[in-house]
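Please open the model in your viewer and keep the selection tool at hand. The stops below go from the surface to the spaces inside.

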Amino acid sequence: MTLHLDLPTGGYDIYLERGALDRAGELLSLNRKVLIVTDSGVPAQYAQRVAAQCREAHVVTVGEGEGSKSFATLEALCRIMLQKGFTRTDCVVAVGGGVVGDLSGFAAASFMRGIDFYNIPTTVLSQVDSSIGGKVAINLGHVKNIVGAFYQPRAVIIDPEVLKTLPERQVANGLAEAVKMALTSDAALFELFEGGKALEKIDTVIERSLRIKKAVVEEDERETGLRRILNFGHTLGHGIEGAQGLSGLYHGECVALGMIPMCAPDVRARLIPVLQSLGLPTQIEGDLEAMLDLASHDKKCEGNAVSVVTVDEVGKCRIQKMPLDEWKAQIRATLGGESL
């Protein structure tokens, strides 16, 4: 299946197909110098299979985890391209999860003011969400994605076959983003989760999630309006990630927690069993005040207010501005140690 993301600046194809990894040379323009970026948590065979289809491949493996989304790693990638004589006609290919996609996409956006970028996501999280839409970034200190750009890939290959090597926790981590899509935009998809069919129908989950994000990005590429719904659960989620550090919860696990306070009570009553069935957390452990403090530095905070996405009915959402104090009070009341 091929989905086309259409943008005024030029669209691109998203190839959703089992076995597509071994068709990279056919689907992408790899007859040139290619920097393939992967990480130590991704089976090396995936990058090697892509490299075998390139005219001249240079594979770089960065460390697994958010620590690689740094200025130091970004500089290392750009130095390698400079040393290998990359030009504006060459390209970068990400083979990995959201960290690899964000980092290598930003390197592609920065080197020579922009060279071609392709994304081949290998995790559930990146396949259902982060691989499309053009958000690329690195972290600064404990603040996630604070330095970055909007830089669309030239094409995306999504091969569900590669998910077979993922640990269960990583699968659940990614499915949290699909639950986010369902809560905000697709009641039928949420019912699939409630029926315990998500893993059995993972290709359907990926496709429906991609269609939601595609439609949102096509209407609002630069996040000036509708695209903000994709941030559902992320403001608090990023605060949790920052406070937990590199050894804490995964991104999707933090987003799962971040969604809970932003749901109406009856929606929350349906959400929590779904999260529990997937093995996702529903209670915060650690210093909630530190998390709230970090969250208040998020990009969506403006002065003493924060732009939040709330869900009053499954499949529908709204964007609203809340005073920071009110937003924090709502989170404390929901996740501050009380029984849910």
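Begin by selecting Phe71, Leu140 and Ile146, which together make a nonpolar surface patch with about 260 Å² of accessible area (by the Shrake-Rupley method with a 1.4 Å probe, only the protein chains shown counting as cover for residues). Patch members have over 30% relative accessible area and no salt bridge, with like charges joined within 9 Å and nonpolar side chains (Val, Leu, Ile, Met, Phe, Trp, Tyr) within 5 Å; a salt bridge is a side-chain nitrogen of Lys or Arg within 4 Å of a carboxyl oxygen of Asp or Glu.

This is a predicted model, in which local features need pLDDT of at least 70 and side-chain atom pairs count only at pLDDT 80 or more, while totals for chains, interfaces and linings use all residues. Residues are numbered from 1 along each chain as its sequence is written, and side-chain values use heavy atoms, without hydrogens and water.

Stay with Phe71, which lies in helix H3 (residues 71-83) (helices, H or I, of at least four residues are DSSP runs numbered from the N terminus). Phe71 counts as partly exposed because its relative accessibility is 44%, between buried (under 20%) and exposed (over 50%), with a 1.4 Å probe and protein chains only.

Next, select Asn231, Gly233, Thr235, Val308 and Val309, which lie nearest the centre of the largest cavity among its 15 lining residues. A cavity is a set of points on a 1 Å grid over the protein atoms alone where a 1.4 Å probe fits but cannot get out, and lining residues have an atom within 4 Å of a point. The largest cavity holds about 110 Å³ of space, taken as the space filled by probe spheres set on points joined across faces, edges and corners.

How values were computed: Helices (H or I, at least four residues) and strands (E, at least two) are DSSP runs, numbered from the N terminus. On a 1 Å grid over the protein atoms alone, a cavity is a set of points where a 1.4 Å probe fits but cannot get out, and a pocket is an open set with protein on both sides within 12 Å along at least five of seven lines; lining residues have an atom within 4 Å of a point.
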